[in-house]
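Let's take a walk through this structure, one piece at a time. Have your viewer open and follow along.

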Amino acid sequence: MSAAISPLEQMVVVLARDLADGELGAAGAAALVPMAAIALARELHAPNLTVGGEMFFNPEPGRLYPSMLDDRALGRCEAAETFIELFGHSHHGLDFFFHSGLQHDAFGNINLHHVGGTLHAPGIRGPGAANLSYCHTSTRFYICPTVHTARNFVEKVDFITIPGHLSGPEAKRAAALTNEGPRFVVTPRAVLDFDPATLRMRLKSVHAGTTAEEVQRHTGFELGFSGDVPTTPPPTDDELSILRERVDKTGTLRA
Amino acid sequence: MPVTCRKVPDRVSSTTVVLRKFPANSPVVYQGNRSIGATTHTMDGQTKPTRRSKVTGLQDAAHLARDALQERPELCLGGLFKQGRPVALVRALLAAGAKDLHVYSSPGAGYDVDLMIAAGAVEQVFIPGVTLENRLCPNFRSAVEAGQVTAHALDALTVVGGLMASAHGVPFQPIDALRGSDVLKHNPLIREIDCPFSGRRIHAVGPIRPRVTFLHAQESDRWGNLRHLSTMIYADQLMARASDMVIASVDRIVPDEVVLDDPARVTVPAHYVDAVGEVPYGAHPTASFPNYAMDEDHIDAYADLGDAARTGDRARLDEYIARHVTGPKTQDDYIKAVGGAELFARLEAEARKE
């Protein structure tokens, strides 16, 4: 592969590797990276993965679009549903889902409502979110913001729109969040996961070209790593060629 | 308050035979035989009353909606984000002078709600996600941050469940998938209840009954049988069944035979629809697939004006509203104002591209 691997391509590959054949899942609101990951997984190792739960089944877009709520992005699509079926899917849950927000905190909670102030007197009012249920009715979800700074990775979010691990195992149990919740976080800089005992976020690997110290500098809370942090396995030739030739023909992930 | 499915006859239908939305066990009030305007002559020379067309002009539809919303300000909008939104109806309503609206939608909205807020027509927003997707809604943000508009914290299941309760004629819809979010502490539409079967604490949402719902579909016959030809149809069918009054814009009014030849293709039966208008490009700048794509450039340019207004330069936003909302007297005027045939040829081509 000639061109350098872009941070978004690295994110897509990390996510695609974790999606299994036969699973049911959907991309969520900020769809570019998740849809690319789903499409790549279907091309590579998960031909029976079903895209569903957001009112369409198995879309075949000719290229990547920033939103899946666009008939162009659905392209040829096997079937459509409505919000009535979405009501049911939200209760039954999916295998996987994706989220990102204005703020993400050390326990994987996500804020899309307000930064500063209060809900009805906000400093910055965010967009809110439509579906708050897939994060805990689904087996697991992934956090994949396309920006990673000390401003959007904070110790504690101002408002929990999407619950992650709340404040740890006890709070999660008390709120009856019985599924896995956020499995890991992929950003343009690194992969982060959660300490199984405390459910606090920690650095798992850093993408090629950056360092653990650099990631820490761009994170608003202590990541608590010691020693050498591994490098995220870069895309294989196979992964990269299929991603560029079949999933992202227009190079949106490199733009 | 008792929940009733009975549809209050609206002005547009007050002279017609209304046999709809009655629960099976209610007395059916037959209003026929009164003041029916038109008659036709049959072969044997007898006269019989004719069925009333629901085809309505954009301004008449807007006045109908405005008057109804003065009774109760709950307006609901079909489509989702940048697809299938009844934007021409929204503009006409704004031009007719609606105020203090409580706006509902399928769980995601953007441009149209932001425009209504920019025009000063909104008091409360009951929509879980308000965003242009690629950027935040500038006027929504400004108004909520300034305390001029209340944006309730809600989720998709509350809105869909509330519409379900209304459509189905039941006093509430149970929801058992709301946990862990701060939205639960602020959501004004839900209550905690004990599940009568499991004993577990679950949530309930009461009926959401919009006074007026605006929909956009691709086709209708003159009776108001709507046909969505887009891939997704969002919550449009649910809203139609949940609302007191339903007004739709369509790209094309089709001959009766088109509907009769393929009844399974009707997405919203005329029974639920009070008025329908053929409004070319009536969803612009949102999409009406498969006929035309969303106009992202228009929405982005609008959002730039909203962002400028946030930093004190409100003049160009006001100019936008004058040029697109209050200025055009007809949809043709609007089409010319936004770019005319050349623009729409491009959006049509974009929609056809696979």
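In this predicted model, start with two helices of chain B: H3(B), residues 111-118, and H4(B), residues 138-145, pack with their axes 7 Å apart at an angle of about 50 degrees. Two packed helices are described by just that pair of values, the angle between the axes and the distance between them. An angle in the range between 35 and 65 degrees is neither roughly parallel nor roughly perpendicular, so H3(B) and H4(B) count as oblique to each other. Their crossing is left-handed. On the H3(B) side the contact is made by B:Val113, B:Asp114, B:Ile117 and B:Ala118, while H4(B) brings B:Pro138, B:Asn139, B:Phe140 and B:Ala143. Sorted by class, the residues of this contact come out as 6 nonpolar, 1 polar and 1 charged.

Stay with H3(B) for a moment. How many of its residues are buried? The count is 8 of 8, so to speak a mostly covered helix. The buried residues of H3(B) include B:Tyr111, B:Asp112, B:Leu115 and B:Met116, and B:Val113, B:Asp114, B:Ile117 and B:Ala118 are buried as well. After the helix comes B:Gly120, which has a positive phi, near 75 degrees.

Now for the strands of chain B. One of the pairings to look for is B:Cys76 with its bridge partner B:Tyr104 in E4(B). In a regular strand the side chains alternate between the two faces of the sheet. You can follow that pattern along E3(B): B:Glu74 and B:Cys76 point one way, B:Leu75 and B:Leu77 point the other way, and all are buried.

Further along chain B there is an open sheet of 3 strands, in the order E9-E11-E10, with antiparallel pairing. Which strands sit at the edges? They are E9(B), residues 173-175, and E10(B), residues 190-194, and each pairs on one side only. From one strand to the next the twist averages 40 degrees. E9(B) and E11(B), residues 201-205, pair in the antiparallel sense over 3 bridges, and B:Gln173 has B:Val205 of E11(B) as its bridge partner. Across E9, E10 and E11 of chain B lies helix H5(B), residues 156-168, which runs at about 155 degrees to E9(B).

Next, look at where the two chains meet. There, 45 residues of chain A are in contact with 49 residues of chain B. On the chain A side, H3 (71-74), E4 (76-80), H4 (83-92), E9 (121-125) and H5 (134-137) each supply at least two residues. The largest share, 6 residues, comes from H4(A). By class, the side of chain A that touches chain B has 26 nonpolar, 14 polar and 5 charged residues.

Finally, zoom in on a single residue of chain A. A:Ile5 is in the segment before helix H1 (7-17) of chain A. Is A:Ile5 buried or partly exposed? It has 19 C-beta neighbours inside 10 Å and therefore counts as partly exposed, since being buried takes 20 or more. Leaving aside its neighbours within four places in sequence, A:Ile5 is in contact with A:Gln10, A:Pro234, A:Pro235 and A:Leu240. A:Pro196, on the other hand, is 191 residues from A:Ile5 in sequence and 31 Å from A:Ile5 in space, C-alpha to C-alpha.

Note on methods:
Residues numbered from 1 in each chain as written. Chains lettered and ligands numbered in written order. Predicted model: local features only at pLDDT ≥ 70, side-chain atom pairs only at ≥ 80, totals over all residues. Axes fitted to C-alpha atoms, helices over the stretch in contact; angles between N-to-C directions. Helix = DSSP H or I, 4+ residues; strand = E, 2+ residues; numbered from the N terminus. Parallel < 35°, antiparallel > 145°, perpendicular 65-115°, else oblique. Left-handed = near helix turned anticlockwise from the far one by under 90°. Contact = placed C-beta atoms within 7 Å. Nonpolar A, V, L, I, M, F, W, Y, C, P; charged D, E, K, R; others polar. Buried ≥ 20, exposed ≤ 12 C-beta atoms within 10 Å, placed from the backbone. Pairing = 2+ DSSP bridges.
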